[in-house]
Amino acid sequence: MNKLIAFDCDSTLSAIEGVDELARLAGDDVFRQVEDLTNQAMNGEIPIEEIFARRLELINPTRQQCLEIGKAYLKEIEPTAKETISKLKREGWECIIISGGFVTCIEELAEYLEISSIEAVPLYFHENGDYRGFDNDYPTTRNGGKPELLQQAAGKNSAEHVVMVGDGISDLETFGIADKFVGFTRYAARPQILEKSPHLASELSQILDILKDG
């Protein structure tokens, strides 16, 4: 049986919210504005598409800054992530990342975890590394994007069992495409996740037992 498990990145595979950390590099005022927008979106108070471009306009990230965030993801990696993903692979699970974050930031973490498939937002840079824009058609720039990507991945892998792990409302939207959803609470215990998730985990290693329970 082909099995697929998808992980959110920010506040799941790593403690940080990459976009917030990029904003921190842009100064305290930008950080406060971006953090507030991110929390509103992850709590389901405003649609993701309403804040996506606005956050990037405020931050104006360089390629080098994105690579710095990649190193921060690794430094703040969830303590059981590496071992859990290794065990899942041994048990026949295809592991992927589906994120509203940015490919340039996530690549180093994914490489460390030996996850080859990253579904995240592409950023574009000028030759000198300055920010040029993002793929505003990419599914995770809007609500409903993660279910779309998960369905595509499930089809590509001919998956008969599909699991999603994440901390935000955009992750919870995948339940239905995913036959099992695990709300991750170690770094952010969001009210809608606590209320609506069929399963909760405060460390990624707990997923192994949740999956054993059928």
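How many aromatic pairs does the count come to? A few friendly notes follow, with that answer in point 2.

1. A word on the basis. This is a predicted model, where local features need pLDDT of at least 70 and side-chain atom pairs count only at pLDDT 80 or more, while totals for chains, interfaces and linings use all residues. Residues are numbered from 1 along each chain as its sequence is written, and side-chain values use heavy atoms, with hydrogens and water left out.

2. Aromatic pairs. The count comes to three aromatic pairs, where rings of Phe, Tyr and Trp (its six-membered ring) pair if their centres lie within 6.5 Å. For F52 and F102 the ring centres are 6.0 Å apart and the planes stand at 80°, so this pair is edge-to-face (planes over 60 degrees apart; under 30 is stacked, and the rest are tilted). Because F52 sits in helix α3 (residues 48-59) and F102 in strand β2, the pair ties together parts 50 residues apart in sequence. Helices (H or I, at least four residues) and strands (E, at least two) are DSSP runs, numbered from the N terminus.

3. The sheet. Six strands form an open sheet in the order β3-β2-β1-β6-β7-β8, with parallel pairing; two strands pair if DSSP finds at least two bridges between them. The edges are β3 (118-121) and β8 (199-201), each with a single partner strand, so one side of each has no neighbour in the sheet. On average, neighbouring strands are turned by 20° against each other, direction ignored.

4. β2, β3 and α6. Strand β2 (residues 93-102) pairs with β3 in the parallel sense over three bridges, and I97 has I118 in β3 as its bridge partner. Helix α6 (residues 103-113) packs on the sheet and touches β2 and β3 (contact means heavy atoms within 4.5 Å). The direction of α6 makes about 150° with that of β2; axes are lines fitted to C-alpha atoms, for helices over the stretch in contact, and angles run from 0 to 180 degrees between N-to-C directions.

5. α4 against α6. Helix α4 (residues 63-75) packs with α6 at an angle of about 35°, their axes 7 Å apart. Among the residues that meet are C66, L67 and Y73 in α4 and I106, L109 and Y112 in α6.

6. α1 against α2. The axes of α1 (residues 18-25) and α2 (residues 28-42) come within 7 Å and cross at roughly 165°. The two helices are therefore roughly antiparallel (over 145 degrees). Their contact includes V19 and A23 of α1, with F31 and V34 among the α2 residues.

Terms used
Parallel < 35°, antiparallel > 145°, perpendicular 65-115°, else oblique.
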